[in-house]
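Here is a short report on one protein chain. Keep the structure open while reading.

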Amino acid sequence: MKLFAIVLLCVALLGCGKAPDDTPSNRTSTPKDESVRRLSKTKDSLVRFFQPMDVRDGDWLRSHPEDGETFEDYVESRPTRPTAERNKIYVQPLGTFSPAQMKVVKLTAEYLRAFYSLPVVLRDPNPVEKVPLEMQRVQYPNNRQIRTSYFLDNILPPLLPNDAAALICFTNFDLYPEDTWNYVFGQASLEARVGVWSLWRLERDGQKRTDADRFLDRTLKIATHETGHMFSMRHCKKYECLMSGTNSLDETDRRPLDTCPECTMKIAWAVPYQPAERYKNLAEFWRKQKRSSEEKLMLEKMQAVGGVK
Ligand SMILES: [Zn+2]
Ligand SMILES: [Zn+2]
């Protein structure tokens with residue numbers, strides 16, 4: 001049995017995406033695209049807001065050597081991007097949620113909308129019932145765990161709309177990917193555009209309840225990080241970045257809520273969106289949460305990239 005905590009199954013997500021618009025014309029035209037040149041320049045103005053990656057003992061990069069990925073690498077990789085037909089992010093709660101959990105799921109849907117500048121649809125919760133015995137276990141007292149493949153193979157595919165760029169599901173059950181693992185925070189299938197993540201551990205620190213802001217931040221980080229993978233973004237190692245791999249909740253807590261200059265421009269190009277407009281929307285999200293330091297940071301970044309015209 002593996003005795004260490006396993007986070008996010010990020011490895012399984014890498015390199016699975018195929019570009020839906022993988023045509024010869026796209027292959028030759030995109031790297032020299034005017035928007036690529038413009039965004040390459042813009043990213044320099046954001047460097048001062050981010051710290052170079054600091055790898056500590058036990059961190060993801062100690063045990064998972066990775067190449068990293070610049071903005072230009074991403075463009076060259078012909079990533080999966082939202083298209084006119086598939087441009088919505090669906091958020092689906094699965095199970096019976098407490099008011100505190102439902103609040104976090106609602107805010108996560110709002111944050112995803114600002115973060116990716118894409119339409120987000122929050123669906124009503126679906127019950128989780130009649131889980132087959134071989135798809136569940138009680139490993140710890142009072143903690144019924146459900147196997148991720150039950151969601152990925154049985155529950156999620158029929159829930160996926162045709163216009164979904166991604167279907168992000170949250171459950172309040174603890175999850176495990178296979179019998180030899182203690183637990184997992186979540187798992188996604190890139191090709192199927194679906195993923196399921198558990199809130200169970202995000203609102204706990206050992207025996208204690210996590211405070212509300214930290215519970216929200218962890219959920220926002222997981223939702224935006226995993227959606228980034230669904231748009232073929234690889235892990236980042238240049239900066240302390242939302243798209244860096246994490247090996248533990250402690251490492252997740254140390255990472256910022258936003259993407260670094262390289263990763264911000266990847267999404268700006270892939271969606272596409274105007275960076276200043278996005279920062280304005282993110283500042284508005286934080287203003288509503290009364291998180292003034294996050295709001296101020298987003299407004300400073302908005303000015304750094306030229307402000308909203
Ligand atoms: Zn990851
Ligand atoms: Zn990054």
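## Helix H6: length

The expected span of a helix is 1.5 Å times one less than its number of residues. This is a predicted model. Helix H6 covers residues 99–116, which makes 18 residues. Just after H6, Ser117 takes a positive phi of about 50°.

Which residues of H6 are buried? They are Gln101, Met102, Val104, Val105, Leu107, Thr108, Ala109, Tyr111, Leu112, Ala114, Phe115 and Tyr116. An α-helix has 3.6 residues a turn, so residues three or four places apart point the same way.

Both strands and helices cover the buried residues of H6. Among the strands are E1 (88–94), E2 (120–122) and E5 (164–171). Among the helices are H8 (212–230), H10 (261–270) and H11 (275–288).

Glu110 also lies in H6. Glu110 is partly exposed, with a relative accessible area of 30%.

## A three-strand sheet

Three strands build an open sheet, in the order E3-E4-E6. The pairing is mixed. Strand E3 (136–140) and strand E6 (174–176) are the edge strands. Each has a single partner strand, so one side of each is left without a neighbour in the sheet. On average, neighbouring strands of this sheet are turned by 45° against each other, direction ignored.

Strand E4 spans residues 143–147. E4 and E6 run parallel and are joined by three bridges. Arg147 stands opposite Tyr176 in E6. Helix H7 (residues 148–155) lies across E4 and E6. H7 runs at about 45° to E4.

## Salt bridges

The count comes to 25 salt bridges. One of them joins the side chains of Glu110 and Lys288, at 3.9 Å from N to O. Glu110 belongs to helix H6 and Lys288 to helix H11, so the pair ties together parts that are 178 residues apart in sequence. Lys288 is partly exposed, with a relative accessible area of 47%.

Arg278 and Asp258 form another salt bridge, at 3.1 Å from N to O. Arg278 is in helix H11, while Asp258 sits in the loop between H9 and H10, so this pair ties together parts 20 residues apart in sequence. Are these two residues buried or exposed? Arg278 is buried, and so is Asp258.

## A salt-bridge network

Glu262 forms a salt bridge with Lys238. Their closest N and O atoms are 2.9 Å apart. The pair links distant parts of the chain, 24 residues apart. Glu262 is in helix H10. Lys238 is in the loop between H8 and helix H9 (249–254).

How do the accessibilities of the two partners read? Buried means under 20% relative accessible area. Glu262 has 3% relative accessibility, so Glu262 counts as buried. Lys238 is partly exposed, with a relative accessible area of 45%.

Which residues are linked with Lys238 and Glu262 in a network of salt bridges? Lys43 and Glu72 are the other members.

## Cysteines

How many disulfides does the structure hold? The number is zero. Two cysteines are worth a look. Cys236 has 1% relative accessibility and counts as buried. Cys241 has 0% relative accessibility and also counts as buried.

Notes. Residues are numbered from 1 along each chain as its sequence is written. Chains are lettered from A and ligands numbered from 1 in the order in which they are written. This is a predicted model: local features need pLDDT of at least 70, side-chain atom pairs count only at pLDDT 80 or more; totals for chains, interfaces and linings use all residues. Side-chain values use heavy atoms; hydrogens and water are left out. Two strands pair if DSSP finds at least two bridges between them. Helices (H or I, at least four residues) and strands (E, at least two) are DSSP runs, numbered from the N terminus. Axes are lines fitted to C-alpha atoms, for helices over the stretch in contact, and angles run from 0 to 180 degrees between N-to-C directions. Contact means heavy atoms within 4.5 Å. A disulfide is a pair of cysteine sulfur atoms within 2.5 Å. Buried means under 20% relative accessible area, exposed over 50%, partly exposed in between (1.4 Å probe, protein chains only). A salt bridge is a side-chain nitrogen of Lys or Arg within 4 Å of a carboxyl oxygen of Asp or Glu.
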